[in-house]
Amino acid sequence: MLNVFSLSVLSASLIAILAILTFIFLFKLRDLNESIKQNQGLKKNLDIFNFDIIQTLTKIIDAKDPYTGNHSVRVRQYSKLIAEKLKLPVVEIKKIEYAALMHDIGKIAVSETILRKDCDLSDEEMEIIKMHPIIGYNIAVSMTFFSDTAPLILYHHERYDGNGYPEKLSKNQIPIGARIICVADAYDAMVSDRPYRKSLPKENAILQLQKESGIQFDPIIVQAFAEILRLPNTLKDVS
Ligand SMILES: [Fe+2]
C-alpha cells in the first residue's frame, strides 16, 4: 500500500512529466507555426512568380498586335469588376482574372501577318484565327497552377445563342467565367482603335452590348457591366 510520502513523490513525478510534455508540445507547436508561416510565404512567392510568368506571356501576345496595346490587362480588369458585381466566390474571381489575362494566349501560334491584317480575312485565315482558343486551352491545361483556367480560355468565343466557336455551346453550357470574359473582350475591342476602324465612344459600345444581349452575350452579364460602366470613377484604375 502506498503511504503518503510515496503518493507525494508519485504526484510530483507526474506533474514533472506533464510539465515536460507540455514544454515539448509548446515547442513543437512553435515549430509548426513557423513552418506554416514559411509555407504561406513560399506559396505567396510562388503565386507572384506564376502571375509574373502569365503577365510576361500576355505581354508577348499583346506585342504581336500593336493595336491591342494592353488589351489583356484591361480585359482582366473589366472581368474582375463584373465577377465582383455578380458576387462570385473569391476563388472563382481569381480564376476568371487569370483566364482573362491569358484568354488570347493561343494567338502565340498565329502569324503576325494575320493578326495585323487591316482588311477582311480569308476563310482560311479565319479558320486559323479560330484555332486560338484551342491552342490557348492546351497551353493553360499544361500549367499546373493555372490548369483550371483552361476551360474559360477554350470557351471565350462561344456565344449565348450557340453560334460561337469552337464547340457551339450555348447559355449555361458556357462557364460563367468564359461568358464574362467574352463581354469584357468585346467591349474593349469596341472602345479601342483597330486597323480597320476607329474606336467607338463608351456609350455606343454599351448600346452595342445591349443590342447583342441574349444573342451573343449573357443578358445578366451585359446588365451588370452596363451598370459598372455608367458608374462614375469605377474605371479610373483601368489602364
Ligand atoms: Fe480571343
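In which hand, left or right, does α3 cross α8? The crossing of α3 past α8 is right-handed, a term for a near helix turned clockwise from the far one by less than a right angle, anticlockwise being left-handed. Residues are numbered from 1 along each chain as its sequence is written. The model is predicted: local features need pLDDT of at least 70, side-chain atom pairs count only at pLDDT 80 or more, and totals for chains, interfaces and linings use all residues.

**Helices α3 and α8**

Helices here are DSSP runs of H or I with at least four residues, numbered from the N terminus. Two packed helices are described by the angle between their axes and the distance between the axes. Helix α3 (residues 90–102) packs on helix α8 (residues 176–190) at an angle of about 45°, and the axes are 10 Å apart. That angle makes α3 oblique to α8; angles under 35 degrees count as roughly parallel, over 145 as roughly antiparallel, 65 to 115 as roughly perpendicular and the rest as oblique. Axes are lines fitted to C-alpha atoms over the stretch in contact, with angles from 0 to 180 degrees between N-to-C directions.

On the α3 side, E92, K95, I96, A99 and A100 meet G177, I180, I181 and A184 of α8. By class, this contact of α3 with α8 holds six nonpolar, one polar and two charged residues. Contact requires C-beta atoms, placed from the backbone, within 7 Å.

The 13 residues of α3 should span 18 Å at 1.5 Å a residue, and its end C-alpha atoms are 19 Å apart, which agrees. The buried residues of α3 include K95, I96, A99 and A100.

L154 belongs to helix α7 (residues 150–154). Leaving out residues up to four places away in sequence, L154 touches P133, I134 and Y137.

The loop between α7 and α8 contains P166, K168 and K171. Y165 and P166 are joined by a cis peptide bond with omega of about 10°.

Burial is counted as other C-beta atoms within 10 Å: 20 or more is buried, 12 or fewer exposed, and in between partly exposed.

| Residue | C-beta atoms within 10 Å | Class |
|---|---|---|
| L154 | 25 | buried |
| K168 | 12 | exposed |
| K171 | 13 | partly exposed |

Methods. Helix = DSSP H or I, 4+ residues; strand = E, 2+ residues; numbered from the N terminus. Contact = placed C-beta atoms within 7 Å. Nonpolar A, V, L, I, M, F, W, Y, C, P; charged D, E, K, R; others polar. Expected span 1.5 Å × (residues − 1).
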